[in-house]
Amino acid sequence: MKKRSVLIAGHPTSVSLEEEFWEALKGLAQARGMSVNALIEEIDSTRSGNLSSAIRVFVLNAVQRRG
């Protein structure tokens, strides 16, 4: 589990994810031509629960769509 600092709407926060999720998130951001932070902001704008969980669900859904 790795904790990283990100900025959401100009406010710093930390997010804890397994390294595999960080790597997948990085790949998804690159595929969209955006930064990881920008993608996390996008995920944050539509979430209803915990940010780490929302990121994991986002990554899982993206992987399932590709498969």
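Is Glu-42 buried, partly exposed or exposed? At 34% relative accessibility, Glu-42 counts as partly exposed (buried is under 20% relative accessible area, exposed over 50%, partly exposed in between, with a 1.4 Å probe and protein chains only).

1. Basis. This is a predicted model, in which local features need pLDDT of at least 70 and side-chain atom pairs count only at pLDDT 80 or more, while totals for chains, interfaces and linings use all residues. Residues are numbered from 1 along each chain as its sequence is written, and side-chain values use heavy atoms, with hydrogens and water left out.

2. Salt bridges. The structure holds five salt bridges (a side-chain nitrogen of Lys or Arg within 4 Å of a carboxyl oxygen of Asp or Glu). In one of them Glu-42 pairs with Arg-32, with the closest N and O atoms 2.7 Å apart. Arg-32 lies in the loop between α1 and α2 and Glu-42 in helix α2, so the pair ties together parts that are ten residues apart in sequence. Helices (H or I, at least four residues) and strands (E, at least two) are DSSP runs, numbered from the N terminus. Salt bridges with shared partners join Lys-2, Arg-4 and Glu-19 into one network.

3. A bridge to α3. Arg-56 and Glu-18 form a salt bridge through their side chains (3.0 Å, N to O). Since Arg-56 lies in helix α3 and Glu-18 in the loop between β2 and α1, the pair ties together parts that are 38 residues apart in sequence.

4. Packing of α2 on α3. The axes of α2 (residues 36-46) and α3 (residues 51-66) come within 10 Å and cross at roughly 105°, which makes α2 roughly perpendicular to α3 (65 to 115 degrees; under 35 is roughly parallel, over 145 roughly antiparallel, the rest oblique). Axes are lines fitted to C-alpha atoms, for helices over the stretch in contact, and angles run from 0 to 180 degrees between N-to-C directions. Leu-39, Ile-40, Ile-43 and Asp-44 in α2 meet Leu-51, Ala-54, Ile-55 and Phe-58 in α3 (contact means heavy atoms within 4.5 Å).

5. Core. The largest nonpolar core has 17 residues, of which Val-15, Leu-25, Leu-39, Ile-40, Ile-43 and Ile-55 touch the most other members (a core is a set of buried Ala, Val, Leu, Ile, Met, Phe, Trp, Tyr and Cys residues joined through side-chain atoms within 4.5 Å). Its largest share, six residues, comes from α3.

6. Ala-9. Ala-9 lies in the loop between β1 and β2 and counts as exposed at 59% relative accessibility. Phi of Ala-9 is near 55°, a positive value in a residue other than glycine.
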